[in-house]
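Please keep the sequence and the structure in view while reading.

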Amino acid sequence: MNYKIVKVFDINYPQVINNFEREQNCLSLNYSAHLNKFLDEYNIETPGFSKKMFLLGNPSNDIIYNYYDLQIKWQKENNISLDQELSFQDKLYYIFEKQISYLKPEIIFFRTQPSFDSKKIINLKEKFKFIKKIICHNGFPSKNLQNIDLIFSSSPALNDFYKNQGLKSMLLYHSFDENILSKVNNNTKKDNIIFCGQTGDTKSAHYKTRFDYLNDLLSHDFPINCHSSEFFENPNKIISNNLKQNIRNSLIKLFGNKLKSTLRKINIKLKNNK
């Protein structure tokens with residue numbers, strides 16, 4: 001049996017969208033071309049899931065729930081009226097509902113977790129009877145999965161975590177889209193090991209292990225370059241005549257006294273993907 005699928009996900013790094021729109025000319029593109037161009041750049045998410053589902057006979061569409069400009073483009077192309085008095089979040093959900101009504105998927109697949117309060121999952125099922133299952137692939141503890149039909153947990157610990165809450169969960173590790181290799185430049189690189197993402201801080205229980213690992217590596221002068229997304233929420237914060245000193249001060253402010261001695265010994269290179 002085959003199913004129509006809609007894969008739904010968020011882009012939680014605004015700088016990714018900002019960089020993409022700065023580097024690509026998307027204003028003249030229609031919704032589908034704009035979406036495909038973004039996915040084909042392999043920014044955070046890849047088109048691999050939907051392409052593989054299509055090969056299996058399961059037509060699949062991608063929705064980037066919080067890519068506002070893209071979602072508005074779909075709304076306008078489909079002549080959907082939008083109450084401007086709605087809040088930002090309500091506008092996103094309203095457009096999403098219209099997309100579900102238009103695409104009529106039997107399976108809604110959320111990456112990580114629903115982009116809205118999971119209480120609305122019940123409303124979706126009641127409003128759209130063609131929906132058979134709402135599932136998600138989750139790699140981070142969440143309290144927003146209460147009404148999901150099936151959770152694919154990416155680790156044994158998470159699988160147990162959700163089962164202990166009485167939720168239906170199955171173990172399914174993260175996968176790798178081999179097509180991303182076509183985007184990798186084969187030129188020899190000087191950096192052997194690179195960390196790219198959120199370093200976390202000592203106040204976050206979820207990121208404590210990651211933070212401790214990085215702290216230990218850096219304090220022992222391990223040859224690793226850190227590229228932290230935390231500093232690029234507002235690019236202006238790292239614009240300075242003395243960029244290295246500014247970055248060092250930002251790191252000290254983020255990590256606190258715990259890393260002051262460590263930061264004197266290391267040279268961290270940060271890249272803003274300009």
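Helices (H or I, at least four residues) and strands (E, at least two) are DSSP runs, numbered from the N terminus. The model is a predicted one, in which local features need pLDDT of at least 70 and side-chain atom pairs count only at pLDDT 80 or more, while totals for chains, interfaces and linings use all residues. Residues are numbered from 1 along each chain as its sequence is written, and side-chain values use heavy atoms, with hydrogens and water left out.

**The second largest pocket**

Rolling a probe the size of a water molecule over the atoms shows where empty space is left. On a 1 Å grid over the protein atoms alone, a pocket is an open set of points where a 1.4 Å probe fits, with protein on both sides within 12 Å along at least five of seven lines, and its lining residues have an atom within 4 Å of a point. Grid points are joined across faces, edges and corners, and a volume is the space filled by probe spheres set on the points.

The second largest pocket holds about 360 Å³ of space, and 19 residues line it, with Ser32, Leu35, Asn36, Asn61 and Asp62 nearest its centre. Two or more lining residues come from each of α2 (31–40), α3 (48–55), β2 (60–64), α4 (68–77) and α5 (88–103), and the most come from α2, which gives 6 residues. By class, this lining has 8 nonpolar, 7 polar and 4 charged residues, where Ala, Val, Leu, Ile, Met, Phe, Trp, Tyr, Cys and Pro count as nonpolar, Asp, Glu, Lys and Arg as charged, and the others, Gly among them, as polar.

Is strand β4 enclosed by the rest of the structure or exposed? Of the 6 residues of β4 (residues 133–138), 5 are buried, so this strand is largely enclosed by the rest of the structure; buried means under 20% relative accessible area, exposed over 50%, and partly exposed in between, with a 1.4 Å probe and protein chains only.

Two strands pair if DSSP finds at least two bridges between them. β3 runs parallel to β4 and is joined to it by 5 bridges, with Phe110 opposite Cys136 of β4. The chain passes from β3 through α6 to β4 in a right-handed β-α-β crossover, which is to say that, with the strands pointing away from the viewer, the path from the first strand over the helix to the second runs clockwise. β4 also runs parallel to β5 (residues 150–153), through 4 bridges, and in β5 the bridge partner of Cys136 is Ile151.

Most residues other than glycine have a negative phi.

Thr46, in the loop between α2 and α3, counts as buried at 17% relative accessibility. A polar atom of the Thr46 side chain lies 3.0 Å from the backbone nitrogen of Gly48, and the Thr46 side chain also makes a polar contact of 2.8 Å with the side chain of Asp177. A polar contact is a pair of N or O atoms within 3.5 Å; within protein, one must be able to donate a hydrogen and the other to accept it, and residues adjacent in sequence count only if both atoms are side-chain atoms.

Pro156, in helix α7 (residues 156–163), is partly exposed at 41% relative accessibility. The C-alpha atoms of Pro156 and Leu172 are separated by 8.8 Å, the two residues being 16 residues apart along the chain.
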